[in-house]
Amino acid sequence: MKLPINHLLEVRSDDPETGRRARLLNVCLLAVGVAAAVLLVVNLADYTFSGDELARRLAAYAALSLLGSAGIYWLNRHGRHRPAGYLFLALIILIITFATRPAIYLFEGSTILAYVLPIIMASVILEPWTSFAVTTVIAVLLLVAAKTAGLADEPSPETIATLYMLAVVAWLSARSLSQALRRTHDRATDLRQMNEELDRRVAERTQDLQQINRQLEDALQRERAESSKNQAILESIADGVIVFDHERRAIIANPAVAGIMGQPVDQLLGRTIHELVGVTEESETGAQIATAFAPDASAPVRLTFPVGAQIIAASLAPVFLSGESIRGVAAVFHDVTKEVEADRAKSEFVSTVSHELRTPLTSIKGYADLLYMGAVGAPNDEQRRFLQIIKSNADRLTALLSDLLDISRIETGRIRLDLRDIALADVVSDVVASLMPEIRNKGLQISLDIAPDLPLVRGDRSRLVQVMNNLLSNAYRYTPAGGQIRVSVSQTNDTLRVDVSDTGIGISLKDQAKLFQRFHRADDPRVREVSGTGLGLAITKMFVELHGGRIWVESQLNKGSTFTFVLPAIRPPEAAAKAPARPAKRRRVLVVEDDDNIADLIRHHLEGDDYQVMVEARGQNVLPRVLADHPDVITLDILLPDMDGFDVLRQLKDDPATAGIPVIVLSVLQDHASGLRLGAADYLTKPIRGEDLLRSVRRAFGELQPHERPTILVVDDEPDVRQWLRDALTMHGFHVAEAVDGIDALTQVRRTAPRLILLDLKMPRLDGYGVIKRLKADPATSHIPIVVLTAVAISRESEKVRLLDMGATRFLTKPISVESLVAEIREQLAAAIPEEAEGA
C-alpha cells in the first residue's frame, strides 16, 4: 500500500533517469509549496493586524510562489519534466531577486548564498551542465540590477567567480551521481538478464559444439560472443575465479579475485599458478597442481595456501572441449581464514580438554589397576567385577580422548606418518591373530586369505594396525554368534586391496551415506547394544587417505557388510625374494601354547628375530621338556587344557634346575600380580603385539641382577599421580623418590642419584623442559634416562622431536597401564646398563 506522500511524488516516465529527476523536482516543489503556504499565512496575519507594508509584499511573493509551484507541479506530473524544471528555477531566481529590496541588498552575503540553491538544483533536477546556464542567468540579473541601482562596483568579480565555482562543483557532483546511478542501473539490468542468458546458453552451446567441424568461422564468432558472456558471469561471481591455459598461465580473472589475492587483476594475468600460489613445482602443493593439469585429469583438485595473513582455498577443475584433450584449468579461490581460525581454536580446545581429562583419568585408571592386581589385598569376585567395569570405562574414555586428538591432529596437519616399506600382509596377519581369541570366544568363524608374492606398501605400521583393528573389531562386534568373518589381501594393478567381510547385521543405504562421518551411529537397537564412540570409521578413513588410498563399504541389511580399502603398492613381489639370508639361530625359546594359530604367530615373531622356537601344548609336559631341551626363555600360557599355567610356573620355579630360566606369561587373564609374585620375568596380556613380545624376550636375556633395586624419581605436581606411581612401582620392586616440581626435581636428583626419571611437563616454578635442559647440561646427571610422562597433547613433528633432541629418552602419554609403564621402565634401565658400563 502506497503512502499519500509517495502518490504525490509519483511521475510518469519511461526513462529511469528522467523519472528520478522528475521525482526530485516534485520533492522540491512540495517543499517550496509548503514553505510558501506557511509564509503566506504568517504574513497575511501580520499585515491584517499591523498593516506592515513589508508583510504585505512578502505575502504577495508567497502567494506567487505557491501558485507558481502548483502550476509547475501540474506540468511535471503530466510529463513536461524539462519545461517544469526550467520554470521552477526561473521562479526561484525571480523570487530571490525581486523579494530583495532595495537592490543594494542583493549583494550581501546572505542573498548571494541564496542563489546557491538554484545553481545546485539545476544540476540535479535537469542536466549537470545546466548549473552553468543558471549561474550565467544569475550573473546577468545581478549585473542588470546593479546597473539599474547605480552600483558600479557590484557585483564584484569575486562574487561572479564564486558562483561559477559553485556551478563547477554542482556539475561535477551531479555528473558523478548520474554516472554512478547509470552504472548501477546497467548492472541491475545485466543481473536481471543473466538467468535468461544462462538458459539460452545451454541450448546454444549444444548446437555450437555440433557445428564446430562444419562451420569453423561461425564457431569462432560464437566463441568470441561466449567469451564476452563468460566475462560478464565471472564479474558477477563473489568467489575469485582465474582460468589458466595449458601452460599454467592466468588468462582470465574476475574482479573478486583481486580482493582475495590482494593484487589488481592486471598484475595476476600472465603469471603462472605456481607464482600466484607461491610454491615450487617440486613441492607437495606443486605435485597437486601437476595432477590438475595432467592430460588424464578428471576430478577437481583442492589445495590451500597462505596469502599474507589470509588462508586461501582453491579448487582446480580441468577445462575440456568435446573430443579434445585438456585446454586449461579453472580455479575458484575462496578466503577460508575464518574457517581455519575456527578449526585451530577447536583443536586447541580439544587439546586443552584432553589434558585436563587425562590427569584425573590417570589416577582413576592407575589405582583401579592396583586394586585389580591385589596391591591392598586380593579382591573378591564382586569387587573384581566392579573394578573390571571401572577399568573398561576408563579404557573407553582413554580411547575416546585418543580418537578426538587423532582427528584434531589430522585436520590441522599436525600428525605425521612414520612411513616405511612394510608388508601389508604381515600387518593384517598380526591383527587377525591378536583378535582371534575374542572372535572365537564369541562363537564366530574367521578365515584369512592372503595372495602370494604381494608387493610392499609405503606406510606407518602403527596407523595401518589401527585401521585393521577398527575394521575387524567392527566385524566381530556386529556379527551374531555363529557368523563368519573373512579377511583377504590381494593385488589389483598397482594397488593392494584389503577386504573385511562379515555376515553381521548389515548397514542400511541411509546409514551407509553417513557411515564415515564422525559420531555417526546407526539408529538400530542392535548397534546401540554395542558400546562405541562413532569415531572409529572416521579416523580409519582419514588414515587410509593419508596413505594415498581410499576406503568404501558394500552392505545389505541383515546379510552382512564388506569394508574395502586400497593402498598404492611400491615394490614388485620379486624384491622380497632377494633379501639377504639370516644368520644361524642361536637362542632357544620354548613356547607353551595350546592354540595352534597363536603358537604359529609367536613362532613367526621369534624366528624373525633369530630365535630357535620349540612348541609345547600341554602343561604336564613342560617341566620334562625344559629339563631335556634346556631353553633360554619360556613363554607360558595360563589357560592350558590339562592344568593351570600358574601351577606350571610354580613347578618351574620350585625346581633348582629350571628356576633360573626366565618365564614370560602370555595370557588373556589379567592377573599380573599372581604371575609376577610366582616369579615370572614379565606378564603380557593377549592380544599381544609382536614388538611387545620381542622386547620382553630381549629384556629376559639382559635382565637386571636380582640384588639391584633401582631408584626411580617421580616428578609430578599432582599428588594423586605421585601416590599411584609410588604404589605401582614399589609393588614391582623399584625404590621411588618424589619431587613436586622442577626445582625440587633438581635437588632430589643430587640427593638420591636415581637410575631413571619419570618427568611431567606442566609444573610450577620450573617446567619439564627446563629440568631436561639443566640435567643434560650437567655431566654428573646427563647419563640418567628421562622418560616424559605427561597428559599434554604433543604433535610428533614439533614438540616431541624437540623433547627427544633435548635428551629425553622416551615420551609416554597419560593415562597408561601399570604393566605398560613397568615394561617401559625395565626396557630403559636394561638399555642404560651398557652405556653406564662404558662410562665406568
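Here is a short tour of one protein chain, from its overall make-up to a few local features.

The model is predicted, so local features need pLDDT of at least 70 and side-chain atom pairs count only at pLDDT 80 or more, while totals for chains, interfaces and linings use all residues. Residues are numbered from 1 along each chain as its sequence is written, and side-chain values use heavy atoms, leaving out hydrogens and water.

The protein chain has 31 helices and 22 strands; these are DSSP runs numbered from the N terminus, with helices (H or I) of at least four residues and strands (E) of at least two. Of its 840 residues, 44% count as buried, meaning under 20% relative accessible area with a 1.4 Å probe and protein chains only, whereas exposed means over 50% and partly exposed lies in between.

| Element | Residues |
|---|---|
| Helix 2 | 16–50 |
| Helix 3 | 53–77 |
| Strand 17 | 682–685 |

Valine 34 sits in helix 2 and is exposed, at a relative accessible area of 52%.

Helix 3 has 25 residues and spans 36 Å from first to last C-alpha, close to the 36 Å expected, where the expected span is 1.5 Å times one less than the number of residues. Its buried residues include Ala55, Ile72 and Tyr73. Just after helix 3, glycine 79 takes a positive phi of about 90 degrees.

In a regular strand, side chains alternate between the two faces of the sheet. In strand 17, Asp682 and Leu684 point one way and Tyr683 and Thr685 the other, and all are buried. Aspartate 682 of strand 17 is the bridge partner of isoleucine 664.

Note on methods. Two strands pair if DSSP finds at least two bridges between them.
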